[in-house]
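The following note concerns a predicted model. Its points are set out in numbered form for discussion.

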Amino acid sequence: MTVSTHTARFDTGRAMTEDEMRKVAPSIFALSAHESRSERFQPIPTIEILRGLTKEGFVPVGVKQSAPAPEGKAEFTKHLIRLRRVDDGNTYHVGDTVCEILLKDANDGTSAYELMAGLFRVRCLNSLVTQTGIVEETKVRHSGDVHGKVIDATYTVLKAAEHALIAPQDWSNMPSTAMRKTSLRRVRNSYGSVMQRVIRRRRSSPHCF
């Protein structure tokens, strides 16, 4: 499931409004689980996480949900959100590499909560990209202490993405795949100690994300 929309363009792209997202992927706004789920299933409200990421500077530039959705599940089915910074002043060209976050979730049992920060090469300014590397990724199942797990996992991916943006912008100049993987490991190592402090701080003070 890919997301390619006019709002995700690299020349005139912008953040989508919640009204625009609701028309394309209403399941993003589900606050409860589908009636087919048992009491053990813990819903994860995607929209609350999305609003938190938006406050941190990563905005939704494209959304999509499974289609056709099973009968009665259109408001809960699997959806995918594409996020990136659009206010950083960067100008992208075909061949450049950009850091984006992909968020996938569902509250009907068809998907766990998945968040991935990756490096993507711009193939066309109309938003077409190909993945070249993964900075960080995480998955949380809809059971147990989902609230705490989602907060920790989301901030891990968020911090990884932020540090990737600080790294050299033109990753395509790396001489080999091995060199690129080495650089990505250095990115992860650089935020490790900071991330531990962030998680401890989040756990010690209530936070709605």
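**Notes on the sheet and its helices**

1. Strand S1 is largely enclosed by the rest of the structure, because six of its seven residues are buried. Buried here denotes under 20% relative accessible area.

2. The sheet to which strand S1 belongs is open and has five strands, in the order S1-S2-S3-S4-S5, with antiparallel pairing. Strand S1 (59-65) and strand S5 (129-140) form the edges; each has a single partner strand, so one side of each lacks a neighbour in the sheet. From one strand to the next, the twist averages 20 degrees.

3. The pairing of S1 with strand S2 (residues 79-84) is antiparallel and extends over six bridges. Gln 65 has His 79 in S2 as its bridge partner, and Gly 62 stands opposite Arg 82 in S2.

4. Helix H2 (residues 46-55) packs on the sheet and touches S1, S2, strand S3 (97-105) and strand S4 (113-122). The direction of helix H2 makes about 5 degrees with that of S2.

5. Helix H3 (residues 146-166) also packs on the sheet, where its contacts are with S3, S4 and S5. Relative to the direction of S5, that of helix H3 makes an angle of about 150 degrees.

6. Which strands does each helix touch? Helix H2 touches S1, S2, S3 and S4, whereas helix H3 touches S3, S4 and S5.

How values were computed. Residues numbered from 1 in each chain as written. Predicted model: local features only at pLDDT ≥ 70, side-chain atom pairs only at ≥ 80, totals over all residues. Heavy atoms only, no water. Pairing = 2+ DSSP bridges. Helix = DSSP H or I, 4+ residues; strand = E, 2+ residues; numbered from the N terminus. Axes fitted to C-alpha atoms, helices over the stretch in contact; angles between N-to-C directions. Contact = heavy atoms within 4.5 Å. Buried < 20%, exposed > 50% of the residue type's maximum accessible area, 1.4 Å probe, protein only.
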